[in-house]
Amino acid sequence: MIWIAWKMLTGNRGKYLGIILGIAFAALLIAQQASIFCGLLLLTTSQIQDITGADIWVMDSNVQFIDDVKPMSDNELMRVRGVPGVDWAVRLYKGLARARFLPDDTEASLAKAGKFQQVILLGLDDATMVGAPRKILLGSIGDLRRPDAIIMDVNGYHYLWPHEPYQLGRTFEMNDRRAVLVGICEAGKTFQTFPIIYTRYSQAVRYAPPERKVMSFILANPEPGLTTAEVCRRITDQTGLKALSRYDFKATTIIYYLKNTGIPINFGITVLLGFIVGTAISGQTFYLFTVENLRQFGTLKAMGASNMRLVLMILFHAAVVGAIGYGLGVGAAAGFGTLMQGNTKLAFFMPWWLLIGTAGAIVLMVVLASLLSIRRVLVLEPAVVFQG
């Protein structure tokens, strides 16, 4: 029966390929748009991922996500250090600053970015440099101890000085204070896409607009033998601040964007349309394929084949075209992401569970597409074989 079902499926190459292409298009659209959606959400947590070496993030109790900075008093650092189970704790500044580029150094960039450019400013603990970028392309972390020193991410450098070779020693101003580029590093792309600047904490508070409270976060680590969750609970209970593990802070940030932005709705509509269009195309083609083969199904029924056996043949057809269409669609989506890896403007991330979710959508699609065909075969009378 399987061989007969296969010959029936491939007998009409046009409809056979039409069903596969319809499913492949739906799988491509679902997998690609869902991967871009995951990539965008991943961008929102890029700075949490980049800052390594600390398992605990401590912040104001009202902070909702990584960019929702609510400054704390420096006294909070000493309170966190006094919590039993905290091995060490250091300060971190994170905020937006406005850089003013000097005319003699930014002739190429002025046409693109203007005289002023918003930047993401990160101030690292002066003594430990916890949170420093992991990969330095030019210069070194030790160079940050020099006066007015800053390190910029490579994407920000290309944005400000496009098509120019790397050059250390460039100068600009932030908050009327001189900044000297002493290094170029790699950093994850951010949701805001602004250049990222690293400097010492003591220097960052000079570059930032003056405020009574300036400390954005506290980075900490638990003592050996204690879990991160336990120490976070102790910090929250004793200080009233919000203490989260790196994983929980990433999850909190993603949940905020899911609840408070239009990203899920916009991408969800695209994925849903892909599912509907794929189901409609494959369902219509699959139904026409069944109608054209009613005589063959009637012959088999007249020869004693049960309804269950005929239904299994149709499900075999659906499984074959679904598997081939899924493979082609997901493969095309993965190929698209691979080809666009060098494009810094594209957010693309395809986790393993997304492949499972896409497979589930395709299974549901082929089942829905085959329901009409199954009904038509179940009510089929064997006498159709003898009709003219």
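**Helix packing, aromatic pairs and a loop serine**

At 23% relative accessibility, S73 comes out as partly exposed (buried is under 20% relative accessible area, exposed over 50%, and partly exposed in between, with a 1.4 Å probe and protein chains only). The model here is a predicted one, in which local features need pLDDT of at least 70 and side-chain atom pairs count only at pLDDT 80 or more, while totals for chains, interfaces and linings use all residues. Residues are numbered from 1 along each chain as its sequence is written, and side-chain values use heavy atoms, with hydrogens and water left out.

S73 sits in the loop between β1 and α4 (75–81). Leaving aside residues up to four places away in sequence, S73 touches K213 and M215 (contact means heavy atoms within 4.5 Å). The C-alpha atoms of S73 and R212 are 8.0 Å apart, although 139 residues separate the two along the chain.

As for the chain as a whole, it has 13 helices and 10 strands; these are DSSP runs numbered from the N terminus, H or I of at least four residues for helices and E of at least two for strands. Of its 388 residues, 47% count as buried. Among contacts between residues at least 6 apart in sequence, 81% join residues at least 24 apart.

Helix α13 (residues 352–378) packs with helix α12 (residues 307–339) at an angle of about 145°, the axes lying 9 Å apart. Axes here are lines fitted to C-alpha atoms, for helices over the stretch in contact, and angles run from 0 to 180 degrees between N-to-C directions.

The contact of α2 with α13 divides into 13 nonpolar, two polar and no charged residues.

Turning to the rings, the structure holds 12 aromatic pairs. Rings of Phe, Tyr and Trp (its six-membered ring) pair if their centres lie within 6.5 Å, with planes under 30 degrees apart counted as stacked, over 60 as edge-to-face and the rest as tilted. F37 and F267 have ring centres 5.9 Å apart and planes at 45°, so this pair is tilted. F37 lies in α2 (residues 13–44) and F267 in α10 (residues 263–292), so the pair ties together parts 230 residues apart in sequence. F37 is buried at 18% relative accessible area, and F267 is buried at 15%. W57 and F249 make another tilted pair, 5.3 Å centre to centre with 50° between the planes. Both W57 and F249 are buried. Elsewhere, F101, Y157, W161, Y166 and F172 form one aromatic cluster.

Conventions:
Ala, Val, Leu, Ile, Met, Phe, Trp, Tyr, Cys and Pro count as nonpolar, Asp, Glu, Lys and Arg as charged, and the others, Gly among them, as polar.
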